[in-house]
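Open the model in your viewer and keep the selection tool at hand. The stops below say what to select next and what is there.

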Amino acid sequence: MSGAADKGIGAPLPRKEDYRFLTGQGRYLDDVAVPGALHAHFVRSPHAHARIVGIDVAAARKAPGVVAVVTGRELAEWTTPLRMAPPIEGLQPVEMATLPTDKVRFVGDPVACIVARDRYLAEDAAELVEVAYEPLTPVPDVARALAPGAPLVDETLASNLVSHQAFTAGDPARRFAEAAAVVEASFHQHRQTHAPIETRGCCAVWDAGRAHLTLHIGSQVPHPLRTTLARRLRLAESQVTVISPDIGGGFGQKIALYREELTVAALARALKRPVRWREDRGENLLAASHAREDSARTRVAVDRDGRILALELEIVEDFGAYCFYPANYLARVVAMILTGPYRVSDYAFSVKVALTNKCGNGPMRAPMAITSWIMEGTIEAIARRLGLDPVEVRRTNMLRASELPYAMPTGEVLEDVTPRETLEHALAAFDLAGFRARQREDRARGIHRGLGICCVVESTTYGSAFYKAAGIAGSGHEAGWVKIEPSGAVNASVGLMASGQGYETAFAQVVGDVLSVDPGAVRIHLGNTDTAPYGMGSRGARGGTAGGSVLFLAAQALRDKVLAIAAALLGLNSSGELRLAEAKVQRRLGGEWTETGLSLADIAHVAYLDPLRLPQGMEPGLEAHKAYDPPPMTYSNATHLCEAVVDVRTGGVRLARYLVVEDCGTVLNQQIVTGQQHGAIAMGIGGVLLEEVVYDEDGQNRSGSFADYLLATAVEIPPIEVISRHTPNRRTPTGSKGMAEGGVMGAIGAVMSAVNDALAPFGVVAERQPLTPPYIRSLLRGKV
Amino acid sequence: MSESVPIVLRVNGEEHRLLVEPRRLLSDVLREDCGLTGTHVGCEHGVCGACTVLFDGRPARSCLLYAVQAQGHEVTTIEAVAAEGRLSAVQQALHEAHGLQCGFCTPGIVITMEAWLAENPNPSEAEIREALSGNLCRCTGYHNIVAAIAKAAARRAGSAA
């Protein structure tokens with residue numbers, strides 16, 4: 001890679017987007033001024049489960065400043081319902097109205113929308129909407145959802161079991177019969193929510209003259225959102241533009257088209273006036289999207305040395321009341337990749353997903369977050385049972401480099417990963433022996449330290465083939481374009497949308513690297529569906545690999561054209577001995593690179609403004625459009641080590657040290673990658689120790705503010721040591737693998753493992769999250 | 001709805017003559033009436049710290065104040081930091097250390113920590129973490145923010161010496 005090598009792929013460049021954010025000049029949704037915009041506010045259900053008997057909006061309509069009050073009845077005329085019925089075995093088809101007219105299904109379910117001159121007046125008027133409810137028996141958890149005769153959350157279904165899949169590879173029953181021991185373990189992960197610091201919101205502008213809708217919305221996936229929005233408004237996709245301004249955090253919450261957003265768009269069209277909406281924090285916590293809450297049980301057959309002969313997984317997810325995604329989407333991936341870095345051939349799983357009267361689930365940074373905890377916790381259960389060192393049990397079962405590529409029992413192929421190397425490197429960096437000595441001494445003094453280990457194999461970039469194999473609707477491709485303008489300036493675009501990942505910098509490095517221009521001179525355009533190519537957007541950990549690769553390929557195509565033009569201008573038959581360096585064309589003469597006197601700007605000028613000098617048959621202009629479908633799956637891997645100190649008198653947990661060794665392939669910008677790792681680990685730690693969506697027996701949500709739903713602060717999150725041991729993926733254009741969710745997986749597993757190591761002398765095992773002081777005390781009661 | 005009242009707000013050294021309802025939050029008036037959208041609203045209940053401004057030179061949550069309460073006081077927002085185009089010590093260090101990702105919490109952190117460093121020029125890491133604990137960041141895990149504040153403190157000390 002020539003030219004701007006110190007700023008090209010891999011350079012830890014400070015970000016281009018920082019200046020505007022640091023100086024208060026970011027442009028988030030609420031900063032987009034739209035003259036004359038009205039403000040929407042939603043009336044929400046106070047019941048977990050209730051029949052809607054009637055909604056009286058007459059008084060609200062007369063309230064000061066109110067322009068409109070609508071319910072599900074109007075929305076049913078203006079919009080189509082969301083039908084979620086991909087052809088997946090064991091998945092029940094469901095349908096969701098834009099606003100419910102028959103019954104509400106969770107606390108926070110929207111039933112009416114007020115549109116007023118300002119938000120204060122809209123909220124005033126909401127108080128005047130009279131909704132008559134007939135309460136129904138709530139379904140507050142999975143156990144009651146799946147009990148015989150349970151009330152139905154969705155009355156079109158035969159039961160609350162909305163999805164069930166089972167799978168068997170090999171002959172687990174036979175292995176269990178042969179086993180020296182059968183070990184069982186269980187895992188309960190609680191309900192959480194994304195809690196981006198910027199809540200959801202949107203602003204819809206209907207241009208009646210052009211019959212065109214523009215929706216300003218912080219969306220991770222502008223094009224797929226446009227497709228859904230157009231369909232549900234019965235508009236052509238050419239009649240809708242989605243523009244995503246800067247996003248104040250997404251974490252998976254800003255993917256689906258939510259009912260509120262569709263309502264606002266429909267209202268703008270019906271009223272022929274711009275309408276905007278910003279939810280408050282309470283609404284975000286209660287009614288945006290929830291995540292996780294799954295219970296898993298493993299059974300594992302082992303020989304005397306702790307070698308795994310067979311593994312069984314049962315997992316049940318509490319999906320909440322509505323399906324914005326196919327209900328199998330999240331838990332299924334856990335089952336597909338559970339075995340991770342370990343050698344397992346005989347495997348069976350059962351994945352059940354139940355509907356309950358809670359806010360609907362969606363993907364949250366690491367939708368498969370629980371995976372590594374389940375697998376590592378199972379390994380540790382084996383070690384406890386057989387009296388073996390858990391590190392040794394890992395080594396016994398972990399794949400070696402010589403065994404790769406390795407087909408997991410589900411058929412997923414693991415290749416170009418280094419689990420063994422990151423484990424050994426992490427243990428050496430941590431000084432395991434030194435820790436064990438400290439742990440022994442401290443235990444004698446009543447200080448209970450534990451070391452947690454979590455080996456992570458992170459599914460990062462999902463290609464179309466994985467979606468197909470996993471029975472999930474969707475494509476894994478991404479699209480991009482690169483243009484060199486007549487002046488030589490470089491513009492590029494991709495279908496992804498950033499919410500903090502630094503794409504404007506990392507992708508400028510990729511394009512700049514190939515075209516040998518300074519990344520400062522490459523402008524990345526994101527988020528506008530009229531400008532950006534149709535891509536699948538930002539989700540999972542696909543940005544670097546899907547987005548970086550497509551721009552890499554587009555820039556290469558453009559570089560080839562530039563050099564072909566240069567060859568013609570220089571009177572050469574081929575461009576084979578030409579290259580770009582610092583935005584100039586160089587020629588190899590006698591083994592030496594020498595200047596030709598042609599610059600990128602000269603070539604651009606000819607391409608656009610003097611096209612008769614182009615090679616015969618070449619199109620004028622300098623632009624390249626590409627689409628790229630990644631391999632079925634790319635995997636990154638990491639080993640997380642965490643030292644925790646448990647105060648056995650209070651149940652408090654303090655994290656004393658956190659270290660991760662990671663291999664995520666070629667990185668585009670190491671500083672950004674390290675920052676993503678920090679953020680993911682912090683989300684995992686906060687999730688294990690503090691965050692919890694709490695529903696009571698009546699289905700009331702008890703965590704509707706940041707005083708109840710606790711996000712970790714700088715005090716709870718320890719310093720995080722990140723050690724890079726990257727090895728390239730041989731199937732992706734740049735060698736990248738993707739990353740940014742594995743940190744959550746690793747932190748969940750490592751913190752649980754550390755606390756259980758600390759608790760080992762008491763003969764207890766924590767199997768539930770969050771690790772609150774009362775929970776830990778409940779385990780230790782009578783033992784301390 | 002209550003009657004609007006005329007107020008004079010002094011923000012970043014400039015006077016704004018406004019007609020506001022007494023119930024309107026300072027954060028809303030700064031953003032909507034003064035056009036200063038760098039002050040962000042993340043929770044409207046005083047926990048997240050994104051809306052932090054200086055109120056007579058001290059950090060305050062603009063979502064917990066009514067605009068009418070700010071009459072006769074000096075309000076400073078993020079727009080006044082680096083007004084000449086030169087980043088402050090905290091801003092520059094956050095940029096170098098990658099102490100921001102989505103950027104939504106960043107203005108509140110810059111305002112809070114610039115004011116805090118002025119009174120605590122030689123902080124320990126633990127003190128920085130404690131001082132930062134009133135500002136929630138969902139992206140960074142705080143590691144790089146803490147490093148940036150330490151760097152800014154060292155630089156400020158260096159330039160003062």
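Select A366(A), which sits in the loop between β17 (347–354) and α11 (371–386) of chain A; helices (H or I, at least four residues) and strands (E, at least two) are DSSP runs, numbered from the N terminus. Its phi is near 70°, a positive value in a residue other than glycine. A366(A) counts as buried because its relative accessible area is 0%; buried means under 20% relative accessible area, exposed over 50%, and partly exposed in between (1.4 Å probe, protein chains only).

Before going on, note that this is a predicted model, in which local features need pLDDT of at least 70 and side-chain atom pairs count only at pLDDT 80 or more, while totals for chains, interfaces and linings use all residues. Residues are numbered from 1 along each chain as its sequence is written, chains are lettered from A and ligands numbered from 1 in the order in which they are written, and side-chain values use heavy atoms, with hydrogens and water left out.

Next, select E293(A) in strand β15 (residues 290–302) of chain A. This residue, too, is not glycine and has a positive phi, near 55°. E293(A) has 14% relative accessibility and therefore counts as buried.

Two peptide bonds come next. L404(A) and P405(A) are joined by a cis peptide bond, with omega about -5°. P405(A) belongs to the loop between α12 (390–397) and β18 (406–407) of chain A. Then go to Q769(A) and P770(A), where the peptide bond is cis and omega is near 0°. P770(A) is in the loop between α20 and α21 (773–780) of chain A. Most residues other than glycine have a negative phi, and most peptide bonds are trans.

## Second stop: the nonpolar cores

Select L313(A), I374(A), I685(A) and L771(A), the residues with the most contacts inside the largest nonpolar core, which has 185 residues. Such a core is a set of buried Ala, Val, Leu, Ile, Met, Phe, Trp, Tyr and Cys residues joined through side-chain atoms within 4.5 Å. Helix α20 (residues 742–759) of chain A gives the most to this core, with 11 residues.

What does I685(A) touch, not counting residues up to four places away in sequence? Select L655(A), Y658(A), I717(A), P718(A), A747(A) and V751(A) to see those partners; contact means heavy atoms within 4.5 Å.

Another core, of 48 residues, lies apart from the largest one and includes V482(A), L515(A), V522(A) and L622(A).

Select G540(A), A541(A), R542(A), M739(A) and A740(A), which lie nearest the centre of the largest cavity among its 45 lining residues. On a 1 Å grid over the protein atoms alone, a cavity is a set of points where a 1.4 Å probe fits but cannot get out, and a pocket is an open set with protein on both sides within 12 Å along at least five of seven lines; lining residues have an atom within 4 Å of a point. The volume of this cavity is about 750 Å³; grid points are joined across faces, edges and corners, and a volume is the space filled by probe spheres set on the points.

The lining has 24 nonpolar, 16 polar and 5 charged residues. Here Ala, Val, Leu, Ile, Met, Phe, Trp, Tyr, Cys and Pro count as nonpolar, Asp, Glu, Lys and Arg as charged, and the others, Gly among them, as polar.

For the largest pocket, select D30(A), H39(A), R119(A), D28(B) and E32(B), the closest to its centre of the 41 residues that line it. Its space is about 950 Å³, and its lining divides into 14 nonpolar, 7 polar and 20 charged residues.

For the second largest pocket, about 680 Å³ in volume, select α7(A), which gives the most to the lining, with 5 residues. This lining divides into 18 nonpolar, 4 polar and 3 charged residues.

## Last stop: between the chains

Show both chains: 56 residues of chain A are in contact with 50 residues of chain B. The area buried between them is about 4,200 Å², of which carbon and sulfur atoms give 58%; buried area is the accessible area (1.4 Å probe) that two parts lose on being put together, summed over both. Finish by selecting L22(A), Y120(A) and I197(A), which supply 19% of the area that chain A buries against chain B, more than any other three residues.
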